[in-house]
Amino acid sequence: MSIFTPKQSRPSPKTQVGILSWTTKYLFSSKIDIALSLFAFYLLYLILPPLLDWMIFSADFSAKTNAECTREAACWFYIGEKMNLFMYGMYPLEEYWRPNLLLAITLSFAFIVRLLRFQPYKNKAALALFIIYPVVAFFLLYGNDFLGIKIVETDQWGGLMLTIVVALVGIVASFPIGIFLALGRQSRMEIIRFLSIAYIEIIRGIPLITILFMASVMLPLFFTEGINFDKLLRALIGITLFQSAYIAEVIRGGLQAVPKGQYEAADVAGLSFIQKTVFIILPQALKISIPNIVGSFIALFKDTTLVLIIGIFDMLAIAELATSDINWMGRKTEGIVFVAIVLWSLLYLMSRYSKALEGRFNTQY
Amino acid sequence: MKTNDIITIKGVNKWYGDFHALNDINLTVKEGEIIVICGPSGSGKSTLIRCVNFLEKFQEGSIVVDGIKLTDNVKKIRQIRSEVSMVFQCFNLFPHLSVINNLTLAPIWVHNTTKQEANKKALSLLDRVGIKDQAYKYPNQLSGGQQQRVAIARALCTSPKIMLFDEPTSALDPEMISEVLDVMVDLSKEGITMLCVTHEMGFAKKVADRIIFMDEGQIIEQNEPNTFFNNPESDRLRLFLDQILTQ
Ligand SMILES: Nc1ncnc2c1ncn2[C@@H]1O[C@H](COP(=O)(O)OP(=O)(O)OP(=O)(O)O)[C@@H](O)[C@H]1O
Ligand SMILES: [Mg+2]
């Protein structure tokens, strides 16, 4: 009989690294792969050189006027000159510090939340922030006579600032409404369920453009004449109505994915319907829906560019507006490319953040 | 002294669609009694004990638990549920809450216990089921046997008068079954009324006051363990015992 001798554990075998092994593995591992890779390279060859040439190699970064600038390629000084317009619209120059400060506050949120993570009062603090933030944001951007902050009417707002405001308000306001609609759709009370289903299905059947038109034309009809119903507010209501129907469907998917046993365990423990929903079901349902929620928000962010059709100057509308400057005729492409780059970067950041968020929730349990 | 009737089931009938799942069930359980329910798969064991805390509705008959008659009234149902705890086959722990929070949720929110008290009680119960050191982990970080012991501790946290077990060991690997059964044996000495659906006949012999055999939605036979195993009256039970004991 042989005697068992324990073996030393060994380091794992080195995986092959290097460009050569990577390309053979991912690009040329079969005939179809080779064909697809070559085709992709050909497309890149068609697109990339002229694009890079237009954007960078032949582009003019220094010329200060339209006449001095090259006609064959991009004239980036134009963007620099119109930068304020792209970022703030017609917001008064001397008040730029207000949106800037708000941006700083918003960005520091991420850090504050991380700092509070292990504090026992973190939920209350988060809730307080959640309530105070919109008030602060409103006073900063719009202004308040009593606080001595000069009022800037919303028709002066514009550019990236407005794009972000519209998207953020749409996201934050539609989220709770979406949760209620999703719960309503599952309710045992027939009327509530019927109303939720009707709302969701009707809204999802109408394009956002139509909803925006309706909000901007029809909403004022419901209110007594004389009240000046802010145009931006109308757009925000329209977008929130639209987005909450989509969020509701996403969250409903999450609710359905929570196992029946969780509902039963909560019932058996004697929890009330609200306690069961808040403590047991929603946390799990929302976690399951994170990727889809973010996906839906990214779609909304892109859709906000549609507000330009009801006369609100988001970033894309600014790209159009800026071309009407007679000093800079024929520079529309630069504006549109710039807007595309900025929006794409923001959306990319958003989807990276969602990935990180998923990871964090996953390691937790 | 076991005198008070704590559960009275009278003429209960239940259908799933056209399927007659419980057929005229009559059963009285005395306070502190330990009852094991067994029977072939699909015989209605789960359905019966789930009727006791109204997880399932029934169409005919009446069930009275600790003097409270089961109706559609939400208040009454919650009242009963705060006295009756249940342990499921697949644990049903809350995966997003740590073990300790799984235990303290109901005491804090349903029974108005203070957080400190609830924590103290939770830790002592976890100690009793032998996993105090896992209190701050999440359920998915535990083995099946440990999870089921957490589930039992969670069920005990609200000091229930009645405990329902629905096949608490049948989702477990063999080496983990005994650690859960040990906890249940320990529990049986407490005076809590227990209704256990299980096929662990060793456990039944050891602790049951009465064993109930069900088939096709009916109670075929019930007896104290000795008679149940050694002198079964019906052929159906004899066959069942043959099958289960020769496994
Ligand atoms: N929700 C349901 N809808 C329809 N039929 C059901 C439902 N739940 C259970 N049944 C049926 O009722 C019968 C009794 O089910 P029950 O779960 O009580 O059986 P059981 O004795 O617990 O069986 P097992 O040992 O497999 O758990 C089964 O035939 C089952 O198919
Ligand atoms: Mg069962």
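How many residues of strand 9 (residues 210-215) of chain B are buried? The strand is mostly covered, with six of its six residues buried. Please keep in mind as you read that this is a predicted model.

Strand 9 of chain B is covered on both faces. On one side sit B:Arg210, B:Ile212 and B:Met214, on the other B:Ile211, B:Phe213 and B:Asp215, and all of them are buried.

Which strands pair with strand 9 of chain B? One is strand 3 (residues 34-38) of chain B, which runs parallel to strand 9 and is joined to it by four bridges. Here B:Ile35 stands opposite B:Arg210. Another partner is strand 10 (residues 218-223) of chain B, which is antiparallel to strand 9 and linked to it by five bridges. In this pairing B:Phe213 faces B:Glu221 of strand 10. Strands 9 and 10 of chain B form a hairpin with two residues between the strands, and B:Glu216 takes a positive phi near 45° there.

## A four-stranded sheet in chain B

Chain B also has an open sheet of four strands in the order 2-1-4-5, with antiparallel pairing. Its edges are strand 2 (19-30) and strand 5 (68-69), each of which pairs on one side only.

Strand 1 (residues 5-16) of chain B and strand 4 of chain B run antiparallel and are joined by five bridges. Within that pair, B:Thr8 stands opposite B:Val64 of strand 4. Strand 4 (residues 60-65) of chain B then pairs with strand 5 of chain B, again in the antiparallel sense, over two bridges. B:Val65 is found opposite B:Ile68 in strand 5. Strands 4 and 5 of chain B form a hairpin with two residues between them, and B:Asp66 in the turn has a positive phi of about 50°.

## Where the two chains meet

The size of an interface is often given as the accessible area lost when the parts come together. Between chain A and chain B, the buried area is about 1,800 Å², and carbon and sulfur atoms give 63% of that. Chain A brings 19 residues to the contact and chain B brings 22 residues.

The chains share seven residue pairs in polar contact. Helix 10 (260-268) and helix 11 (273-303) of chain A each supply at least two residues of the side of chain A that touches chain B. Helix 10 of chain A gives the most to that side, with eight residues. By type, the residues on this side of chain A divide into nine nonpolar, seven polar and three charged.

How many salt bridges lie between chain A and chain B? The count is one. A:Glu264 and B:Arg50 form a salt bridge, with their closest N and O atoms 2.6 Å apart. B:Arg50 also meets B:Glu56 in a salt bridge (3.2 Å, N to O). B:Arg50 counts as buried because its relative accessibility is 10%, and B:Glu56 is buried too, at 15%.

## Charged residues in chain A

Side chains of opposite charge can pair when their charged atoms come close. Over all chains, the structure holds 24 salt bridges, and the table gives some of them.

| Pair | Closest N to O |
|---|---|
| A:Glu264 and B:Arg50 | 2.6 Å |
| A:Glu95 and A:Arg98 | 3.0 Å |

A:Arg185 is buried at 15% relative accessibility, while A:Glu201 is partly exposed at 36%. A network of salt bridges links A:Arg185, A:Glu201, A:Arg204, A:Glu249 and A:Arg252.

For the pair of A:Glu95 and A:Arg98, A:Glu95 counts as buried at 10% relative accessibility, and A:Arg98 counts as buried at 0%.

A:Arg331 lies in the loop between helix 12 (315-322) and helix 13 (332-364) of chain A. At 2% relative accessibility, A:Arg331 is buried. Its side chain makes a polar contact of 3.1 Å with that of A:Glu334. Beyond its neighbours within four places in sequence, A:Arg331 touches residues including A:Asn66, A:Arg71, A:Tyr78 and A:Thr323.

Methods. Residues numbered from 1 in each chain as written. Chains lettered and ligands numbered in written order. Predicted model: local features only at pLDDT ≥ 70, side-chain atom pairs only at ≥ 80, totals over all residues. Heavy atoms only, no water. Contact = heavy atoms within 4.5 Å. Buried area = accessible area lost by both parts, 1.4 Å probe. Salt bridge = Lys/Arg side-chain N within 4 Å of Asp/Glu carboxyl O. Polar contact = N/O pair within 3.5 Å; in protein donor to acceptor, adjacent residues only side chain to side chain. Nonpolar A, V, L, I, M, F, W, Y, C, P; charged D, E, K, R; others polar. Buried < 20%, exposed > 50% of the residue type's maximum accessible area, 1.4 Å probe, protein only. Pairing = 2+ DSSP bridges.
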